[in-house]
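These are my notebook entries on one structure. I record what I looked up, in the order in which I looked it up.

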Amino acid sequence: MPSPRYHREMPQRYRLEAAKCSGCGRVAFPPRMVCNCGSRDFKGEKVSDYGKILTFTTIRVAPKDFETEVPYSVAIVESDNGVRVTTQVVDCKPNELEIGKKVKFVFRKLYTEGHTGIICYGYKAILI
Amino acid sequence: MREVAVIGCGMTKFGELWKKSLRDIFVEAALKAIDDAGVDRISSMYVGSMTPGLFVGQEHVGALMADYLGTPQIPAVRVESACCSGGMAFRLGLFEVASGHSDVVLVGGVEKMTDGADVTYALATAADQEYEVYHGVTFPGLYAMIARAHMHKYGTTRQQLAMVSVKNHHNGALNPNAQFRGEVTVDQVIKATMVADPLTVLDSSPVSDGAACVLLASMDIAKKVNKPAVKVIGTGAATDTLALHAREDITTLGSVKQSAEAAYKMAGLKPSDIDLAEVHDCFSIAEICIIEELGFVDKGKGGLFTEQGHTSLTGKIPVNPSGGLKSKGHPVGATGVAQVVEVVEQLRGEAEKRQVKNAKIGLTQNMGGSGASSVVHIFTNA
């Protein structure tokens with residue numbers, strides 16, 4: 001992923017920065033310009049550090065950037081303030097994951113970009 | 001808008017076509033469609049193709065295909081909507097004829113996936129690059145998460161998922177154009193190599209090369225050509241969030257439901273009026289969700305409905321008589337058009353060993369990504 005593009009997403013990947021819609025109260029992550037309720041008025045908000053697993057899988061055939069990491073677990077997590085994200089769940093065995101289990105977001109390395117070796121960071125989840 | 005019919009169709013065999021190029025397979029399918037109808041000219045062309053740029057490094061395929069088809073002067077454009085590029089191309093061709101602007105339009109779909117590209121990466125570009133793919137998720141992974149949620153919420157079983165693949169391989173074995181013409185068992189599907197738990201390689205559609213083309217025409221031309229006309233009586237398209245995680249309910253494919261409702265409304269039909277359906281079974285779980293969204297069965301009961309045999313060739317509503325994406329193959333951009341080819345052959349009574357008896361009304365459903373786009377068409381031979 002080219003570095004300017006990586007740089008733009010840092011507030012979300014490093015600090016889970018989101019935006020709360022003043023119209024309907026829904027928290028948008030990443031922040032967006034128009035809410036599905038039609039409102040364009042948002043206030044800064046952070047994705048809660050805690051959440052629960054809605055569904056999950058174990059990836060056994062991965063794209064090139066993740067090839068050396070298989071098998072790894074990926075889940076859809078809903079944060080305590082209602083934001084849903086796709087994230088890896090780490091520091092546990094694949095068979096420890098269950099729908100409904102509580103998780104905490106942590107800051108981790110995701111992968112190393114192929115050509116230039118830029119280390120790409122972001123959030124992952126751990127079971128609590 | 002005026003009535004429109006499919007007057008000709010053709011497709012290549014699907015599979016690993018190493019001796020043929022992207023342009024070769026498109027022109028092969030296009031010539032079959034033109035010869036099938038027996039027309040001597042086309043007014044314009046829509047080419048559905050997901051990502052020839054990533055698969056073979058070739059963009060601008062509308063003009064390329066017009067050139068190699070020997071019609072370099074006609075308007076031609078590529079249509080992209082991930083795996084439903086072909087279905088969306090068909091919808092645009094339909095509107096061009098229905099509007100009265102053109103009398104004969106060629107709609108094709110093509111993909112060349114086995115030329116050495118990183119296929120997992122190329123397909124993943126249909127998901128959210130920054131917020132799904134960045135975290136290492138793949139398409140099998142996204143559908144695996146739908147499967148896990150469906151099993152948890154509705155009690156759908158691992159065996160029921162496998163039965164989709166078993167049924168589609170049975171049908172595909174009867175289809176000379178199918179990539180995999182061998183039958184599989186429930187046990188083989190479940191014990192096959194795991195791709196993304198709980199889905200194995202035999203729950204997944206393959207990597208394929210292939211092309212399919214149809215000719216759309218006004219009814220006055222349709223009455224003069226070789227083959228009986230198959231009328232297009234309904235079209236519907238819809239979108240949903242690109243990211244699977246952003247949906248209200250992970251097990252609901254909202255775009256499929258909405259596109260189907262629009263097509264049913266236009267045709268003045270209900271789900272029970274449909275005699276056969278070609279649907280987007282990119283993974284076994286997808287077919288289960290889709291037959292629920294199309295209204296063939298109540299939400300949550302798609303697995304049981306499949307287990308009871310209602311979607312088999314001789315069932316209540318035969319689904320994927322062609323073998324579906326699973327067995328016939330899934331050259332992504334070609335799939336939506338190949339579905340139309342199958343329904344037209346079924347409605348003409350040309351489907352030989354896989355012919356659905358007394359088929360009068362057929363439906364196609366083609367989907368992009370994890371359901372972020374869907375397009376449905378309804379056809380009749382009446």
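I take domain bounds from an automatic or database domain assignment. For chain B that assignment gives domain 1 (4–117 + 207–222) and domain 2 (119–205 + 233–380). I note that this is a predicted model, in which local features need pLDDT of at least 70, side-chain atom pairs count only at pLDDT 80 or more, and totals for chains, interfaces and linings use all residues. Residues are numbered from 1 along each chain as its sequence is written, and chains are lettered from A and ligands numbered from 1 in the order in which they are written.

**Entry 1: the two domains.** I found the centres of domain 1 and domain 2 of chain B, taken over C-alpha atoms, to be separated by 22 Å. I counted 39 residues of domain 1 of chain B in contact with 34 residues of domain 2 of chain B (contact: C-beta atoms, placed from the backbone, lie within 7 Å). On the domain 1 side, two or more residues come from each of strand 1 (4–11), helix 2 (52–56), helix 4 (85–98), strand 4 (104–112) and strand 7 (209–218) of chain B. Helices (H or I, at least four residues) and strands (E, at least two) are DSSP runs, numbered from the N terminus. Helix 4 of chain B gives the most to this side, with 8 residues. The side divides into 23 nonpolar, 12 polar and 4 charged residues; here Ala, Val, Leu, Ile, Met, Phe, Trp, Tyr, Cys and Pro count as nonpolar, Asp, Glu, Lys and Arg as charged, and the others, Gly among them, as polar.

**Entry 2: the chain interface.** I then looked at chain A, where 25 residues are in contact with 28 residues of chain B. Helix 5 (119–124), helix 6 (139–154) and strand 5 (194–196) of chain B each supply at least two residues of the chain B side. Helix 6 of chain B gives the most, with 7 residues. I recorded 16 nonpolar, 7 polar and 5 charged residues on the chain B side.

**Entry 3: helix 14.** After helix 14 of chain B comes B:G349, whose phi is positive, near 80°.

Technical notes
Contact = placed C-beta atoms within 7 Å.
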